[in-house]
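Please read the points below alongside the sequence and coordinates.

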Amino acid sequence: MTPSPARLRADAISAGYDNATILDGLSIDVLDGSFTVIVGPNACGKSTLLRALTRLLPATDGHVLLDGRAIASYRPKEIARELGLLPQSSIAPDAITVADLVARGRYPHQGVLRRWSPEDEAAVAAAMAATEITDLSGRRVDALSGGQRQRVWVAMALAQQASILLLDEPTTFLDIAHQIDLMELFTDLHRTGTTIVAVLHDLNQASRYATHLVAMKDGHIVAQGEPAAVVTADLVEEVFGLPCVVYPDPVTGTPAVAPIGRARVPSPTAGATR
Amino acid sequence: MSVDFGAAHVVVRRGGLSARLHLRTLVACLALTAALAAAAIVALSLGDLPLSPAEVVTALFGADDGFAGTVVREWRLPRTTAAVLFGLALGVSGAVLQTLTANPLASPDVVGISSGSYAGGLVVIVLLGGGFTATAMGSLIGGLATAIAVYLLAYRRGVQGFRLIIVGIGLGAMLSALSTYLLLRARVEVAMTATAWGAGSLTPVGWPQLLPAAAVIAAALILLVVLSRPLHQLELGDDASHALGVAVERSRLALLVCAVALTAVVTAAAGPIAFVSLAAPQIARRLTGGAGISLAAAGLVGALLLTVSDTVAQHALPVPFPVGVVTVVIGGCYLVWLLVREARRTA
Ligand SMILES: Nc1ncnc2c1ncn2[C@@H]1O[C@H](COP(=O)(O)OP(=O)(O)OP(=O)(O)O)[C@@H](O)[C@H]1O
Ligand SMILES: [Mg+2]
């Protein structure tokens, strides 16, 4: 695979909160057409990186470039049509219905006069169908389960129809079937040309779906590349401090991680492949 | 492909223009407009020369050059127009602040903007001996200065609703103390004028005061037609609205300035009229039943509240009272009802 150019890249950026610098001179190329997954321990700066890439958090040093232009020079709606972000947590306004919330994703495509075009309607309907929430569309968001609500937020991000979609832990709150459904949905989106960047905590899913895996620790990128090259027992131990066994996923052959855990002795077979 | 929004919507599309309107909000706004027109006609018909509604309408549209025409157009219309316009401004101002802060308590009278306007006006009356225009300027400046102070004190990487309210209540209390101090220092006649203005009254309002106020209100409302979209988008929280293309801090500042200007200009012309901006948005929300507060509905409820309150204050009581007294009573009842309801719900 020849490395495609990166429309979105960060060039030695620093970013943080108040006085704490979280990212210090980090560079990353988000390869066009990739399904990039970022993994790393809690508080290592994954969300901060996504926020810096989408200008939510202005970089104090370095540049984030979209199509070669500093992201700070774009108008907000211009960026929002290219870059979508599903934040790790969001607030639903009181008493809003599902369809109403999903329709909020159309904001960057709308204006003072153009408030509800046929394209808006089609995009909202398609986003709800893709996340299987069409049946819920008239329900109030505050009366949904955590997993249903998460799918509504994903639908809102889909309705935005950005060409690069950044997802911060999109599968939290979901049962395993819905996690897989959603990951396959992102894979479909990826196949139809959307570049995807997702923060995930499940290393097995990360290895399965990523075309490009980025491992972070303490605000730095420790390793990146194809999952098979990145996910090794040594790396998992280095990044997460977790002794483990890496074995080929019986379904896909991609790396899968079995933690050893402190109290247990590894079984003889597992010990053999370690 | 049509989307089910859980409530009836009307979709309008014509040329480059398209909109989706919540049907119940639309119906509520139409009903409120009709009620407001009726209330205004009643207000115009009452007085030393009682008129029938038909006579009022004839007089309004200029078909009556006699005494009744003069009474309605020259004497009563400024006051009723002020009630409608100021009520509209207060309702919208409250709706903007309550939406921005996601808190039903965050109305301009609660976060200290009315107190700031009042104190600003008092400074002019007591220390500079003031005139109407100077007093109005003083209270406009006082309101804006208070809002800026609240904003700066509450600012920490953006402004969050709760901090804004706490800081606003604190600052408002300090400004009220300042106002009391100014009144104590003032000569008796000055203090009496100031107290009358401080009660909130439409009596001194005529066309010369109304026109500049109307211009400011119109400008703010036109701006808010554009800003209402980012306003409702901001309900999603800073991160999500940022990601969806809202210029978060810029929109919030512009919205804050509009809300403050609307309240300050009313205070400047008529003194602090309490509770309209607190109650109108919440009443509107219950009437429209959708998510969020419709600015149009809140404005119309505010206009209706103030028009009815002023009619009651002038005609239904043994002695004419300043309208501010009536709105305080109505608002007080509303607050008690709200608290009782909340208490029942949580019990
Ligand atoms: N709004 C904020 N203000 C101050 N510090 C923050 C803020 N948000 C995050 N931080 C700090 O920045 C560091 C990185 O946080 P970040 O949210 O990027 O972690 P993360 O990798 O996304 O973690 P997680 O897996 O738990 O979501 C943490 O130490 C955190 O405490
Ligand atoms: Mg995070």
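Leaving aside neighbours within four places in sequence, which residues is His22(B) in contact with? They are Ala7(B), Ala8(B), His9(B), Thr288(B), Gly289(B) and Gly290(B), where contact means heavy atoms within 4.5 Å. The structure is a predicted model, in which local features need pLDDT of at least 70, side-chain atom pairs count only at pLDDT 80 or more, and totals for chains, interfaces and linings use all residues. Residues are numbered from 1 along each chain as its sequence is written, chains are lettered from A and ligands numbered from 1 in the order in which they are written, and side-chain values use heavy atoms, with hydrogens and water left out.

- His22(B) is placed in strand 2 of chain B, which covers residues 17-22; strands (E, at least two residues) and helices (H or I, at least four) are DSSP runs, numbered from the N terminus.
- The relative accessibility of His22(B) is 18%, so this residue counts as buried; buried means under 20% relative accessible area, exposed over 50%, and partly exposed in between (1.4 Å probe, protein chains only).
- A polar contact of 2.7 Å joins the side chains of His22(B) and Thr25(B). The term denotes a pair of N or O atoms within 3.5 Å; within protein, one must be able to donate a hydrogen and the other to accept it, and residues adjacent in sequence count only if both atoms are side-chain atoms.

**Chain B as a whole**

- Chain B contains 13 helices and two strands.
- Its radius of gyration is 21 Å, close to the 20 Å that the globule rule gives for 347 residues, so chain B is as compact as a globular protein of that length. The radius is taken over C-alpha atoms, and the rule is 2.2 Å times the number of residues to the power 0.38.
- Taken along the principal axes, the C-alpha atoms of chain B fill a box of roughly 60 × 50 × 45 Å.
- Of the 347 residues in chain B, 52% count as buried.
- Among contacts in chain B between residues at least 6 apart in sequence, 70% join residues at least 24 apart.
- Chain B exposes about 15400 Å², of which carbon and sulfur atoms supply 72%; accessible areas come from the Shrake-Rupley method with a 1.4 Å probe, and for residues only the protein chains shown count as cover.

**Annotated regions**

- An unreviewed UniProt entry places the feature "transmembrane region" at several spans of chain B, including residues 23-46 and 253-280. UniProt positions are given in the numbering used here, feature names are shortened, and annotations may be inferred rather than shown by experiment.
- Residues 23-46 of chain B are 96% helix and 0% strand, with end C-alpha atoms 35 Å apart.
- Residues 253-280 of chain B are 82% helix and 0% strand, with end C-alpha atoms 23 Å apart.
- For chain A, the UniProt annotation "domain: ABC transporter" (unreviewed entry) covers residues 8-243. Over residues 8-243, chain A is 35% helix and 25% strand, and the end C-alpha atoms are 34 Å apart.

**Chain A as a whole**

- Chain A contains 10 helices and 12 strands.
- A compact globule of 274 residues would have a radius of gyration near 19 Å, and the 19 Å of chain A agrees.
- The C-alpha trace of chain A spans about 65 × 45 × 40 Å along its principal axes.
- Of the 274 residues of chain A, 51% count as buried.
- Chain A exposes about 12100 Å², with carbon and sulfur atoms supplying 53% of it.

**Magnesium site in chain A**

- Ser47(A) (OG) and Gln88(A) (OE1) coordinate the magnesium ion (ligand 2) at 1.9 to 2.2 Å. This pair links distant parts of the chain, 41 residues apart: Ser47(A) is in helix 1 (residues 46-53), and Gln88(A) is in the loop between strand 6 (83-86) and helix 3 (98-103).
- Donors are N, O and S atoms within 2.8 Å of the metal (3.2 Å for Na, K and Ca); water is not among the atoms, so sites may look incomplete.
- Ser47(A) is partly exposed at 22% relative accessible area, and Gln88(A) is partly exposed at 39%.

**Leu50(A)**

- Leu50(A) lies in helix 1 of chain A and counts as buried, at 1% relative accessibility.
- Not counting residues up to four places away in sequence, Leu50(A) touches several residues, among them Ile38(A), Leu85(A), Leu167(A) and Val199(A).
- Leu50(A) and Leu167(A) are 117 residues apart along the chain, and their C-alpha atoms are separated by 8.3 Å.
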